[in-house]
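Work through the following exercises with the sequence and the model at hand. Each task is followed by a solution in steps.

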Amino acid sequence: MIVRCGRCQTQFQAPGEGRFACPACGAANEVRRAPADDPGFVAPPPAPPEPATPSPRAECGACGFRFIVGDVAVAPCPMCGADVEIEREEPTP
């Protein structure tokens, strides 16, 4: 049967009732029988959104102050004004 993912709304084939991962986004979807007045199958309500990743922090080498940074290569320290080079970690697949 064809079901629709609760998170990304992608349609995919499910063999019957049970829990199945969406092939597009990986969200777990539980497929179960609809109430007796509707003999079809339904997808669960949308899954809650993924939690946001915390903002990256930098530490000033001159004064030791830690602060949140955006997507920049160098940021001025808000405490002492020294330029702080921002080290970025490469995302792991």
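**Exercise 1.** State which residues make up the largest nonpolar core.

Solution. A nonpolar core is a set of buried Ala, Val, Leu, Ile, Met, Phe, Trp, Tyr and Cys residues joined through side-chain atoms within 4.5 Å. Buried means under 20% relative accessible area, exposed over 50%, and partly exposed in between (1.4 Å probe, protein chains only). The largest such core has eight residues: A58, C60, F67, V69, A75, C77, V84 and I86. Apart from it lies another core, of seven residues, including F12, A14, C22 and V31.

The model is predicted: local features need pLDDT of at least 70, side-chain atom pairs count only at pLDDT 80 or more, and totals for chains, interfaces and linings use all residues. Residues are numbered from 1 along each chain as its sequence is written, and side-chain values use heavy atoms, with hydrogens and water left out.

**Exercise 2.** Find the aromatic pair and classify F65 and F67 as buried, partly exposed or exposed.

Solution. Rings of Phe, Tyr and Trp (its six-membered ring) pair if their centres lie within 6.5 Å; planes under 30 degrees apart count as stacked, over 60 as edge-to-face and the rest as tilted. The structure holds one aromatic pair. F65 and F67 are stacked, at 6.2 Å centre to centre and 15° between the planes. F65 has 30% relative accessibility, so it counts as partly exposed. F67, with a relative accessible area of 8%, is buried.
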